[in-house]
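Here is a friendly walk through one protein model, written for someone who likes to see the cut-offs beside the values. Please keep the viewer open as you read.

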Amino acid sequence: MQLRYSFRLYPNGPQRAALARAFGCARVVYNDGLSAREEARAAGLPFVPSAVLSKALTEAKKTPERAWLGEVSAVVLQQSLRDLDTAYRNFFDGLKGKRPRMGAPRFKSRKDNRQAIRFTANARWSITMGGDLSLPKIGDMRVKWSRSLPSVPSSVTVVKDAAGRYFCSFVVETDPGADLARMPETDAVVGIDLGLTHFAVLSDGRKIDSPRFLRRAEKRLKKAQRALSRKAKGSKNREKARVKVARAHGRVADARREFHHQLSTKVIRENQAVAVEDLAVKGLARTRMAKSVHDAEWSQFVTMLEYKAARYGRAFHRIGRFEPTSQVCSNCGVQDGPKPLHLREWTCGACGAVLDRNINAAVNVAKAAGLAVSACRARVRPEPVPAQREEAGTRRDGQSTVVGIPGR
């Protein structure tokens with residue numbers, strides 16, 4: 001299984017300038033290829049293949065107008081054309097229904113929040129004995145290693161984010177046997193109901209509170225955004241204020257990603273099978289709960305669950321979003337209609353069980369996926385019924401009110 005391992009990168013001044021040149025050259029090559037294909041489409045000509053674009057790139061380096069493309073590694077430029085091919089392939093697959101629909105490729109700008117270049121094995125990059133990342137025509141850059149690589153990486157991508165931070169992302173191949181040995185053996189299964197008040201409610205009764213990282217950082221973000229709006233456009237101070245805003249948002253995103261990683265790893269470690277509901281995130285993001293929905297970022301968490309389950313030999317199930325998990329009693333299976341959001345606990349009219357809304361939904365998610373989850377985990381308890389006069393109690397004369405049982 002191929003995974004990406006990302007680490008923080010610390011280039012010095014000349015190396016940052018070299019990376020800026022590489023980002024710019026890769027962007028120009030991408031835009032030139034996109035322009036050539038768009039001109040051919042407008043003229044009614046056939047789709048320009050990658051071989052023609054690659055040959056045009058080689059010829060462009062020999063001209064005075066594009067001679068500066070030779071200042072960076074040729075692999076970076078070729079990989080930029082591969083990225084353009086991937087963008088077109090995803091666009092056409094979306095039109096054919098093979099993947100979610102997405103827009104046509106667009107021109108890149110030097111003001112984009114994210115800049116990236118990729119080096120493959122034939123670029124002759126390496127990791128030095130001192131732990132630095134050595135890239136052609138850039139130099140040896142210091143890397144903050146947080147863990148060791150499981151295998152020799154096949155490629156490395158250097159990324160600069162909106163906050164001006166640099167990262168190196170390695171594509172590595174993991175060992176399936178070693179991954180399976182890392183996970184303990186278990187027969188437990190779990191269904192997960194995702195929400196806003198509680199980020200996740202498990203079918204075993206556990207509730208994980210939502211950290212609300214964006215809500216907690218709103219005061220700091222508001223102050224930084226207000227300072228940015230007061231700066232003159234195009235000034236150095238505005239650029240400094242923009243970086244402060246980007247760093248504040250980066251801290252929120254990093255904290256949220258770390259929370260998702262820890263929780264998803266814990267769930268995969270403790271359970272052999274996991275079931276979640278396929279939520280309509282785009283639809284919920286257009287409601288009054290949009291900010292809270294984006295803050296929770298359920299899609300990132302579910303994606304982590306899915307790839308970690310595949311990596312560690314666990315079963316992952318995704319049920320349909322129209323499954324009535326909140327309308328069905330997990331104890332008797334009777335469906336008694338939709339319920340308002342403010343109703344957090346309800347009583348089943350058929351069996352009289354009192355059910356917690358979220359835990360009941362989590363149990364139904366697991367059952368809909370075919371997992372054997374006991375309904376007793378939904379905190380089912382019988383509704384209290386007042387005792388009848390003829391069934392219990394004693395009279396003043398000491399005689400029992402129950403027929404056939406003599407008084408004491």
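L343 lies in the loop between strand 12 (315–319) and strand 13 (345–347). Strands here are DSSP runs of E with at least two residues, helices are runs of H or I with at least four, and both are numbered from the N terminus. With a relative accessibility of 28%, L343 counts as partly exposed; buried means under 20% relative accessible area, exposed over 50%, and partly exposed in between, with a 1.4 Å probe and protein chains only. The C-alpha atoms of L343 and D140 are 60 Å apart, with 203 residues separating the two along the chain.

A word on the ground rules: this is a predicted model, in which local features need pLDDT of at least 70, side-chain atom pairs count only at pLDDT 80 or more, and totals for chains, interfaces and linings use all residues. Residues are numbered from 1 along each chain as its sequence is written, and side-chain values use heavy atoms, leaving out hydrogens and water.

**The sheets**

Let us turn to the strands, where two strands pair if DSSP finds at least two bridges between them. An open sheet of seven strands runs in the order 2-6-7-1-5-4-3, with antiparallel pairing. Its edge strands, strand 2 (115–120) and strand 3 (126–127), each pair on one side only. Strand 2 is joined to strand 6 (residues 155–160) by six bridges, and the two run antiparallel. T120 stands opposite S155 in strand 6.

What covers the two faces of strand 8? On one side V189, G191 and D193 are buried, and on the other V190, I192 and L194 are buried too. Strand 9 (residues 198–202) runs antiparallel to strand 8 and is joined to it by three bridges. Strands 8 and 9 form a hairpin with three residues between them, in which D193 stands opposite V201.

Most residues other than glycine have a negative phi, and most peptide bonds are trans. R124 has a positive phi of about 60° although it is not a glycine, and K137 likewise has a positive phi, of about 65°. R124 is found in the loop between strand 2 and strand 3 and is exposed, with a relative accessible area of 77%. K137 sits in the loop between strand 4 (133–135) and strand 5 (139–144), and is exposed at 53%.

**Helices**

Helix 11 (residues 357–368) has twelve residues and reaches 16 Å from its first C-alpha to its last, close to the expected 16 Å; the expected span is 1.5 Å times one less than the number of residues. Ten of its twelve residues are buried, so helix 11 is largely enclosed by the rest of the structure. Among the buried ones are I359, A362 and V365. At the start of helix 11, a side-chain oxygen of D356 comes to within 3.1 Å of the backbone nitrogen of N358. G370, which follows helix 11, has a positive phi near 85°.

D179 lies in helix 4 (residues 176–182) and counts as buried at 4% relative accessibility. Its side chain makes a polar contact with the side chain of T174 (3.3 Å). A polar contact is a pair of N or O atoms within 3.5 Å; within protein, one must be able to donate a hydrogen and the other to accept it, and residues adjacent in sequence count only if both atoms are side-chain atoms. Leaving aside residues up to four places away in sequence, D179 touches T174, R311 and Y312, where contact means heavy atoms within 4.5 Å.

**Rings and charges**

The structure holds eleven aromatic pairs. One of them, F47 and F92, is edge-to-face, at 6.1 Å centre to centre with 75° between the planes. Rings of Phe, Tyr and Trp (its six-membered ring) pair if their centres lie within 6.5 Å; planes under 30 degrees apart count as stacked, over 60 as edge-to-face and the rest as tilted.

Charges can sit over rings as well, if NZ of Lys or CZ of Arg is within 6 Å of the ring centre and within 35 degrees of the ring normal.

| Charged residue | Ring | Distance to ring centre |
|---|---|---|
| R8 | F167 | 5.7 Å |
| K108 | Y30 | 4.3 Å |
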